[in-house]
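Let's take a friendly walk through this protein chain. Keep the structure open beside you and look for each part as it comes up.

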Amino acid sequence: MDHCKVIAITNQKGGVGKTTTTVNLGVGLAKTGHRVLLIDADPQGSLTISLGIKDPDSLNESLATVMTASIEDIELPPETGIIHNNEGIDLMPSNIELSGVETGLFNTMSREFVLRNYISTVKKNYDYILIDCMPSLGMMTINALVAADSVIIPSQPNFLSTKGLNLLLRSVSKVKRSMTHDKVETTGSHAAWKEVLAVYSVSLTTDGENPQEAASMTNEKKDLLTDIFWTMHTINYGTELRIETEYWESVDENGELITEENEVVYNYLLIRVDHKTASEMAEHYGFTDDQKERLNELLLPENQTMWNDVLYGLGGQGDLVAVALSQVGNVGGETYWRWYGFDERVDWCAIFVSWCANECGYLENCVIPSFAVCYAGEDWFKAREQWHDNTYTPNPGDIIFFDWDYPDEGGQDGIPNHVGIVEKVEDGIVYTIEGNSGDSCRQKSYPVGYYEIHGFGVLCP
């Protein structure tokens, strides 16, 4: 067990004595008999220069070297890059190459742990490791805070420095709360339920030892369905620290409103859902040719009416609202934009409406068009005289189009840029189900006649 203490010396404000504190504290600890390593985590290399390295950029090995090796999982000798100083301390120098490493961290898995991973390889050789941070809350500073056991924040006794200190203390607190998260981001999607149930039905009814019908449910059948569902899905998760810019308003001593730009650290819980297709499941379970044929038959387009009845309690043409409601909570829209034929994510609000319409049999019977951009849907309804402006009180299942008022894009331009499905209208409020609302399927509401409602496509004139 090592007894090394790792200390980050940091402040988002420059010129407060971070490097001076690092050097003097390090030398003082060395003079009391402790083994000390100073790490220069600033691409400007101020600590490196202070310890006698005239031209840091000429160094062949530096902090950038060992962090790159850590990212690429390359094993280097622990002493790589370390310079022994005549003050009795060791130095891990820095130079301009560290800027490139910091930029590359944004695409690195577990990017906030890279410096900690390196430090873990040398901790046994030292009693103290001091990290001199850059004057900003960048990814290198986040790495230093994650690696540190404690933090020293040099500060000056003035108003601006004190405000910076308070902000940094909040950031440090969030970095250290590694077992919690501030925000959740979910990507991917689950398998279409009809594919899950089709695999279940074939597995159950063609079991060579104990074939059973699929219409009823028992505990044994429930266990089989559960096993198929989780075999079909993979869920991966992790946390990631992200630096976001926020704008805070306050009133100064003269009563004037001032706006401050601040960098804030958020700990994201990242959840990724992936799934196998029905065909991949057939291979996984080793289906025979006969079983594969039955599976493909169940998933034929002409059996969509059956699935409407099984999944949504609908026969014939389905209820668009019921189908849309069954999708609330989907994040990322991959089910919909892949169904439409895209290989990568696109804005999918119109595609979501088209997907729901297809599930109901509406596309096949030309009740609703298949469209991926909002204005194409508007044109279709207008050409058939099935269009109403925003003064209209809609009915459930009508298609609602929006023209968002984005000030930074010049405001409204008379062209729809978002679309959803009307769920109901009650007490002057239009309730909707919308895809691609914050990259998820959500229920929302607006007053009847709301100015950002562009108009409505109705299912009959």
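In helix α6, the buried residues are M139, M140, T141, I142, N143, A144, L145, V146 and A147. In other words, nine of the nine residues of α6 are buried, and the helix is mostly covered. Please keep in mind that this is a predicted model.

Let's pick out one residue there. N143 is found in helix α6. Is N143 buried or exposed? With a relative accessible area of 0%, which is under the 20% cut-off, N143 is buried. Leaving out residues up to four places away in sequence, N143 touches M67, L105, R111, E112, F113, V114 and L115.

Now for the nonpolar core. The largest one has 36 residues. Inside this core, the residues with the most contacts are I39, L63, M67, Y118, I119, I129 and I131. Which elements give two or more residues to this core? They are the strands β1 (5-9), β2 (36-41) and β5 (128-133), together with the helices α3, α4, α5 (114-119) and α6 (139-147). Helix α6 gives the most, with seven residues.

Apart from its neighbours within four places in sequence, I129 is in contact with C4, K5, V6, I7, L37, I39, I119, V122 and K123. There is also another core, lying apart from the largest one. This other core has 31 residues, including W337, V353, A357 and C374.

The table gives their axis distances and crossing angles.

| Helix pair | Axes come within | Crossing angle |
|---|---|---|
| α3 (residues 63-71) and α4 (residues 97-105) | 8 Å | roughly 25° |
| α8 (residues 193-205) and α11 (residues 289-298) | 9 Å | roughly 140° |

Why are α3 and α4 called roughly parallel? Their axes cross at roughly 25°, and angles under 35 degrees count as roughly parallel, so α3 and α4 are roughly parallel to each other. The crossing of this pair is left-handed. On the α3 side, L63, A64, M67, T68 and I71 meet E97, L98, V101 and L105 of α4. By class, the residues of this contact are seven nonpolar, one polar and one charged.

For the pair α8 and α11, the crossing angle is roughly 140°, and α8 and α11 are therefore oblique to each other. Their crossing is right-handed. Helix α8 brings A198, V199, S201, V202 and T205 to the contact, while α11 brings Q291, R294, L295 and L298. These residues divide into five nonpolar, three polar and one charged.

Let's visit a strand as well. T187 lies in strand β7 (residues 183-188). T187 has a relative accessible area of 28% and is partly exposed. Although T187 and R272 are 85 residues apart along the chain, their C-alpha atoms are separated by 4.9 Å.

Finally, step back to view the whole chain. How many helices and strands are there in the chain? There are 16 helices and 15 strands. Of the 461 residues in the chain, 45% are buried. Among contacts between residues at least 6 apart in sequence, 69% join residues at least 24 apart.

Key. Residues numbered from 1 in each chain as written. Predicted model: local features only at pLDDT ≥ 70, side-chain atom pairs only at ≥ 80, totals over all residues. Heavy atoms only, no water. Axes fitted to C-alpha atoms, helices over the stretch in contact; angles between N-to-C directions. Helix = DSSP H or I, 4+ residues; strand = E, 2+ residues; numbered from the N terminus. Parallel < 35°, antiparallel > 145°, perpendicular 65-115°, else oblique. Left-handed = near helix turned anticlockwise from the far one by under 90°. Contact = heavy atoms within 4.5 Å. Nonpolar A, V, L, I, M, F, W, Y, C, P; charged D, E, K, R; others polar. Core = buried A, V, L, I, M, F, W, Y, C linked by side-chain atoms within 4.5 Å. Buried < 20%, exposed > 50% of the residue type's maximum accessible area, 1.4 Å probe, protein only.
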